[in-house]
Amino acid sequence: MSVKLNKKTIEDIEVRGKRVLVRVDFNVPQDKSGQITDDRRIRAALPTIQYLMKHGAKTILVSHLGRPKGKPEDYEKYTLKPVAERLSELLGTTVELAPDCIGPQAEAAVYALEEGEIVLLENVRLHPEEEKNDLDFAEKLASLAQLYVNDAFGTAHRAHASTEGVTKFVPGVAGYLMQKEIEYLGGALEDPKRPFVAILGGVKVKDKIGVIESLLGKVDRLLIGGAMAYTFLKAQGKEIGNSILDADSLDFCKNVLASAGDKILLPTDVVVADRNPMEPGVDLDSVQTRTVSVDAIPAGYQGVDIGPETAKRFAEAVKGAGTVVWNGPMGIFEIDRFAVGTRAMAQALADSGAVTIVGGGDSAAAVEELGFADRMTHISTGGGASLEFLEGKELPGVVALQDK
Ligand code: ADP
Ligand code: MG
């Protein structure tokens, strides 16, 4: 199972001596003091950065961070300074941060670069023109460089100035991370080793209708857990107590069950809690839980995890699989007591021998936190982007790159 990206990559083009603008996704989580709490996204971009530096490019990195609101204090709050520091540590060389991504200060920093040197431009979203894909802004950004590389898979589903607009003014190719993401995700969808099993969970059916529709046409089995499962159970006429119900999607679930019911595996038992454990101020130790059949969810209780019998059935389905795609946790994994089902699935994937691909922000975080990251074939760095990819949509940041 493999597909080749039909776009040019950094290896297809001479980079030596060129000013190369690289769109990376350094949108890292930070704590209140600005400390980076997870630097996965920075580490994921290192292969491309190191290749460019080694091959004598003048590397200009551009990224967004958070969602600046266009206020003067944004420059302090949304600065990429902590990222420049962490990147310097990871590369073992000082990476300067240019105070702006366009204009005289950016130009000065860029024209000072020697071959093999690198600079990071300040947060591109400090300019509202970025998200509007403003052409003048894109042209200014592009004018800094002779070549553009998109390695920001996580924002490839957005047509912004730094992901799409720039390619109207400077030729664009893919970086290694972009290539890897597309080849793994695309390989699973286009040429999966069978049986092909997908596992979906998370909160709302509505967010994943496109993914369900797209996957149903491709997979041999679709396992549904998480909060999403309760809307399907309700569609089957079951009582779901206070479990999360996505009422707008009930008809969709009924239709899916009627047309593809034999492909779909739903929970047969679940863990329910006597109150909402996510409610602020709830004393978690006092939350009472029970494991019940899906035919006996008590009134007033809400589903928080799949039950042990379900975890076993789901694990069985994964066991013989050739390819497994997983999106969405099986329960409220943020609370350790309710991470049992999610952990069981991570274990099942790890033990399966299948090609295992995890997409979705929370799913990737769950697999990391539970300690299974090294045992998956591929964990996508793009939450929204991986979902849109699984829906079969074309990503504007990829479409804009040069064909092979
Ligand atoms: P992803 O980011 O991987 O696409 P989602 O954002 O759709 O996943 O869903 C993740 C969230 O789903 C987690 O915060 C988790 O707590 C929640 N969740 C899973 N199962 C339940 C449940 N039974 N009740 C409430 N929330 C749930
Ligand atoms: Mg999420």
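**Close-up 1. Surroundings of ligand 1 in the predicted model.** In this predicted model, a backbone N or O atom of Gly361 lies 3.4 Å from an oxygen atom of ligand 1. An oxygen atom of the ligand is also approached by Lys208, a polar side-chain atom of which lies at 2.7 Å, while a nitrogen atom of ligand 1 is 3.2 Å from a polar backbone atom of Ala227. Taken alone, ligand 1 exposes 580 Å², and the protein buries 87% of that area. The ligand is surrounded by 20 residues, of which the closest are Lys208, Gly303, Glu334, Asp362 and Ser363. Strand β12 (302–306) and helix α12 (361–369) each supply at least two residues of this shell, and α12 gives the most, with three residues.

**Close-up 2. The aromatic pair Tyr51 and Tyr176.** The structure holds one aromatic pair, formed by Tyr51 and Tyr176 in an edge-to-face arrangement, with 5.6 Å from centre to centre and 85° between the planes. The pair links distant parts of the chain, since Tyr51 belongs to helix α1 (residues 40–54) and Tyr176 to helix α6 (residues 176–190), 125 residues apart.

**Close-up 3. Arg290 over the ring of Tyr301.** Elsewhere in the model, an arginine and a tyrosine are placed face-on, Arg290 lying over the face of Tyr301 at 5.3 Å from the ring centre.

**Close-up 4. Helix α3 and the glycine that follows.** Helix α3 spans residues 81–91, and its buried residues are Pro82, Val83, Ala84, Leu87, Ser88 and Leu91. These buried residues pack against helix α1 and against the strands β2 (58–62), β3 (96–98) and β4 (118–121). An α-helix has 3.6 residues a turn, so residues three or four places apart point the same way. Just after α3, Gly92 takes a positive phi of about 70°, and its place is in the loop between α3 and β3. In contrast to the buried residues of the helix, Gly92 is exposed, with a relative accessible area of 64%. The C-alpha atom of Gly92 is separated by 29 Å from that of Asp74, although the two residues are 18 apart along the chain.

**Close-up 5. His127 and its contacts.** His127 is found in the loop between β4 and α5 (135–142), and at 12% relative accessibility it counts as buried. The side chains of His127 and Asp100 are joined by a polar contact of 2.7 Å.

**Close-up 6. Ala159 in the loop between β5 and β6.** Ala159 is found in the loop that runs between β5 (147–150) and β6 (172–174), where its relative accessible area of 34% makes it partly exposed. Apart from neighbours within four places in sequence, Ala159 is in contact with Asn133, Glu164 and Pro396. Ala159 and Ala400 are 241 residues apart in sequence, yet 9.2 Å apart in space from C-alpha to C-alpha.

Note on methods:
Residues numbered from 1 in each chain as written. Chains lettered and ligands numbered in written order. Predicted model: local features only at pLDDT ≥ 70, side-chain atom pairs only at ≥ 80, totals over all residues. Heavy atoms only, no water. Phe/Tyr/Trp six-rings, centres within 6.5 Å; stacked < 30°, edge-to-face > 60°. Helix = DSSP H or I, 4+ residues; strand = E, 2+ residues; numbered from the N terminus. Lys NZ or Arg CZ within 6 Å of the ring centre and 35° of its normal. Buried < 20%, exposed > 50% of the residue type's maximum accessible area, 1.4 Å probe, protein only. Contact = heavy atoms within 4.5 Å. Near = heavy atom within 4 Å. Polar contact = N/O pair within 3.5 Å; in protein donor to acceptor, adjacent residues only side chain to side chain. Areas by Shrake-Rupley, 256 points an atom, 1.4 Å probe, with all protein chains shown as cover.
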